[in-house]
Amino acid sequence: MRIGSKLVIGVASVVVLTAIASGFAMDGLMRVSALTAEMYDKPLLSISFARNALTNFVRMDREVTQALTTADAETLKDLQESAAELESEIRDDLAVVRERATDPEILEVVDETLVLLDRWQAIAEQIFKADPSDNAARAALSEGKQDLLGEAEESFSLVVEFTTEQGFNFRENADEVAGRTLQIQIIGAALVLLLGVIIAVMIGRYLGRPLNAISSRMKAVSLGDFEGEIPCRENSDELGDMARAIDVFRKNAQEVERLQVEKADAVAQASDRRRQARESIAADFEATIRRVAAAISQAVGSMRETAGDLDEAARG
């Protein structure tokens, strides 16, 4: 495999790992966001509307109780309208609680509360329609209201309690989901880190080490060390091409060095032959000179003897 392909695979792996890590982070954020929205949409709103229903019921009871103590028709009309508005709000609040309830027990309590609210509303209408001067009827209605009041308040309180418990249970479930999400993110981050380390080790092993080995061998060749082998020559990638090129350079450098040595030897041998030739010529020349000198000396001697003989002959 070529180095370019290896680098592409390495970069692509890093990109994929980054995308996976980002995916884990986005998944965690989405889970937390969904939990937050669900907590607001269900338990928090249920608790808020349940408490609001209880508060409105207490206010409505106060309006009805005040109607038992007044005989003014205009005041009774205002109290009746106010009580009707509060009753409508209570039903809307309980409808919201019922819509967002996830526990069947809450639905059952809400239905029971609505039944009690209907009974309460019937007594309230009787109170508003009762003759202000009929004290006995008013006393009977007041007693009936008081008997129903405790049961209704308890039912509203149960709605608040159960919705609060639902919120607590939801929080525990949310904590559990958040814990699992955190574990998944930790495991995902650990896997991404492990894969990143593996990729880094593989790049260092299959790219970094061979490059260092080739670089060291190239430096040695440049310093004149031609004996060692070049690593990675069998590779089919750019490292193999580089190693084979360096090996060709090494062999060429060896050949140049051999030729230089042979040339130096040849020059030395030629110099020796020239020196020997000069010495031989000089020796031959010296021998020739000696022979010529000896011949001349001999000739001079012969001439001297001849001159002596001639001189003796002239005298005789």
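**A friendly note on this helical model**

1. Buried residues account for 26% of the 316 residues in the protein chain. Please keep in mind as you read that this is a predicted model.

2. On the overall fold, the protein chain has five helices and zero strands. Read from the N terminus on, its elements run α-α-α-α-α.

3. Now to the charged pairs: the structure holds five salt bridges.

4. Start with Asp61 and Lys145, whose side chains meet in a salt bridge (3.0 Å, N to O). Asp61 sits in helix H1 (residues 3-67) and Lys145 in helix H4, so this pair ties together parts that are 84 residues apart in sequence. Are the two partners buried or exposed? Asp61 counts as buried because its relative accessibility is 11%, below the 20% cut-off. Lys145 counts as buried too, at 1% relative accessibility.

5. Next come Arg91 and Asp118, with side chains that meet in a salt bridge (2.3 Å, N to O). This pair links distant parts of the chain, with Arg91 in helix H2 (residues 73-100) and Asp118 in helix H3, 27 residues apart. Arg91 is partly exposed, with a relative accessible area of 28%, and Asp118 is partly exposed at 40%. Glu87 joins in as well: Glu87, Arg91 and Asp118 are linked in a network of salt bridges.

6. The side chains of Arg100 and Glu99 also meet in a salt bridge (3.5 Å, N to O). Arg100 counts as buried, at 17% relative accessibility, whereas Glu99 is exposed, with a relative accessible area of 60%.

7. Helix H3 (104-129) and helix H4 (135-222) are the elements that give two or more residues to its lining. Helix H4 gives the most, with four residues.

8. Which residues line the largest cavity? They are Asp103, Glu105, Ile106, Phe162, Glu165, Gln166 and Asn169. By type, this lining divides into two nonpolar, two polar and three charged residues.

9. Ile187, Leu191, Leu194, Leu195, Ile198, Met202 and Tyr206 make a nonpolar surface patch of about 660 Å². One of these, Leu194, is found in helix H4. Leu194 is partly exposed, with a relative accessible area of 47%.

Methods
Residues are numbered from 1 along each chain as its sequence is written. This is a predicted model: local features need pLDDT of at least 70, side-chain atom pairs count only at pLDDT 80 or more; totals for chains, interfaces and linings use all residues. Side-chain values use heavy atoms; hydrogens and water are left out. On a 1 Å grid over the protein atoms alone, a cavity is a set of points where a 1.4 Å probe fits but cannot get out, and a pocket is an open set with protein on both sides within 12 Å along at least five of seven lines; lining residues have an atom within 4 Å of a point. Ala, Val, Leu, Ile, Met, Phe, Trp, Tyr, Cys and Pro count as nonpolar, Asp, Glu, Lys and Arg as charged, and the others, Gly among them, as polar. Patches are made of residues with over 30% relative accessible area and no salt bridge: like charges are joined within 9 Å, nonpolar side chains (Val, Leu, Ile, Met, Phe, Trp, Tyr) within 5 Å. Accessible areas come from the Shrake-Rupley method with a 1.4 Å probe; for residues, only the protein chains shown count as cover. A salt bridge is a side-chain nitrogen of Lys or Arg within 4 Å of a carboxyl oxygen of Asp or Glu. Buried means under 20% relative accessible area, exposed over 50%, partly exposed in between (1.4 Å probe, protein chains only).
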